[in-house]
Amino acid sequence: SLASPQAQAATVWPSGDVTERQAIIHGLSQVKPTISPKYFYDERGSALFETITRLPEYYVTRVEQSIFERHGNSIAASVGADSVVIEPGAGNCEKARALCDRLHSTEFVGIDISTEHLQEAAKRLSDVLPWLRVRAIAGDITEPIRLPEDLPRRNRLVFYPGSSIGNFEPAQAVHLLSQMRAMLGEASDGGSLLIGIDLPKPVHILQAAYDDASGVTAAFNRNALDHVNRLIGSDFDSQHWKHRAFFNAECSRVEMHLVALHDMRVSWPGGGREFSMGERIHTENSYKYSLDVFAALLREAGFGQYQSWTDDQDWFAVIHARP
Ligand code: AVI
């Protein structure tokens, strides 16, 4: 190119495809603007999320882990050996590693939007569990996923830990659970679902978990703006937005927002909008389901029976469900 290095640096080429750009701009243009939580997870965001999972305030990962440790035998007995494990949103595959080891799984299929991250994790997984056939698929789990043609139909186990199901609207969650149900084939094929859900708990615990003292969750939230800038070519200055998280009791969910610190205009190729001071962009919901409420969603999605395990404080539940 003939452009000077300076001019090149100043030009931001939107890296998202047209449909994705349109969807993001549509969300930003609403009276109540939104950014989908999936845009948290670029490379930096995935790393920040891993830091979140180790924060003292973020009980979710630790408590789920403690349930797997404490009830591992009973969970393994319910699931059965030799499963073909399918994990949507596999991330670093750390949880799958413990599970596949324990269940003597023969095959693992990891699915994630952050492909590079996933491929490295899949490689590490097959290094530590050499008998396991490991495959990594790039995919957005909100869209239909094609599993490998030669994946065995018997004993499939969809593994969806971490309470990520809580980041979808309940209707979307049912849709997603139905898709997982479909991945299991016929009821007679013996497939099942192992899923983690975050239960309702005292508000101050939730508040601290989603607004930690060291500000990692705030950085994670703001990073969505930097990611969106790259995808649509917008000029958000993430430092001019404040992280806000609170529990919405009526909807039983923690909400995360970004609040404009002053009046500003944000532009992107072909458009833009004004934000006034205090106006906010809704970036995430994290639903906290009681077991009863979640059981109803499972039923709606075609799962007829389930068994569950919780921690002493009933903060989190691991559920094993069958069609
Ligand atoms: C990935 N997901 C289950 C996390 C949650 O708790 O809803 C995402 C997160 N948002 C803020 N902190 C963590």
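Which residues of β2 are buried on one side, and which on the other? Hi everyone, let's start there. On one face sit Glu107, Val109 and Ile111, on the other Phe108, Gly110 and Asp112, and all of them are buried. Buried here means under 20% relative accessible area, exposed means over 50%, and partly exposed is in between, using a 1.4 Å probe and protein chains only.

A quick word on the model. It is a predicted one, where local features need pLDDT of at least 70, side-chain atom pairs count only at pLDDT 80 or more, and totals for chains, interfaces and linings use all residues. Residues are numbered from 1 along each chain as its sequence is written, and side-chain values use heavy atoms, with hydrogens and water left out.

Back to our strand. β2 covers residues 107–112.

Now for the neighbours of β2. Strand β1, residues 84–88, runs parallel to β2 and is joined to it by five bridges; two strands pair if DSSP finds at least two bridges between them. You can find Pro88 opposite Ile111 of β2. To get from β1 to β2, the chain passes through helix α6, residues 94–103, in a right-handed β-α-β crossover. Right-handed means that, with the strands pointing away from the viewer, the path from the first strand over the helix to the second runs clockwise.

Strand β3, residues 133–138, also pairs with β2 in the parallel sense, over six bridges. Here Phe108 faces Val134 of β3. β2, helix α7 (residues 115–128) and β3 form a right-handed β-α-β unit.

Let's zoom out. The protein chain has 11 helices and 12 strands in total. Why does its radius of gyration of 21 Å agree with a compact globule? Because a compact globule of 323 residues would come near 20 Å; the radius is taken over C-alpha atoms, and the globule rule is 2.2 Å times the number of residues to the power 0.38. Along the principal axes, the C-alpha atoms fill a box of roughly 60 × 50 × 35 Å. Of the 323 residues, 51% count as buried.

Next, the contacts, meaning heavy atoms within 4.5 Å. Among those between residues at least 6 apart in sequence, 69% join residues at least 24 apart.

Now the aromatic rings. There are 15 aromatic pairs in the structure. Rings of Phe, Tyr and Trp (its six-membered ring) pair if their centres lie within 6.5 Å; planes under 30 degrees apart count as stacked, over 60 as edge-to-face and the rest as tilted. Phe236 and Trp241 have ring centres 5.8 Å apart and planes at 65°, so this pair is edge-to-face. Phe236 counts as buried at 5% relative accessibility, and Trp241 does too at 1%. Tyr287 and Tyr289 make a stacked pair, with 5.8 Å centre to centre and 15° between the planes. Tyr287 and Tyr289 are both buried. There is also an aromatic cluster, including Phe40, Tyr41 and Trp315.

One last stop: Pro56, in the loop between α3 (43–52) and α4 (59–70). Is Pro56 buried or exposed? With a relative accessible area of 65%, Pro56 is exposed. From Pro56 to Ala81 is 25 residues in sequence and 34 Å in space, C-alpha to C-alpha.

Conventions
Helix = DSSP H or I, 4+ residues; strand = E, 2+ residues; numbered from the N terminus.
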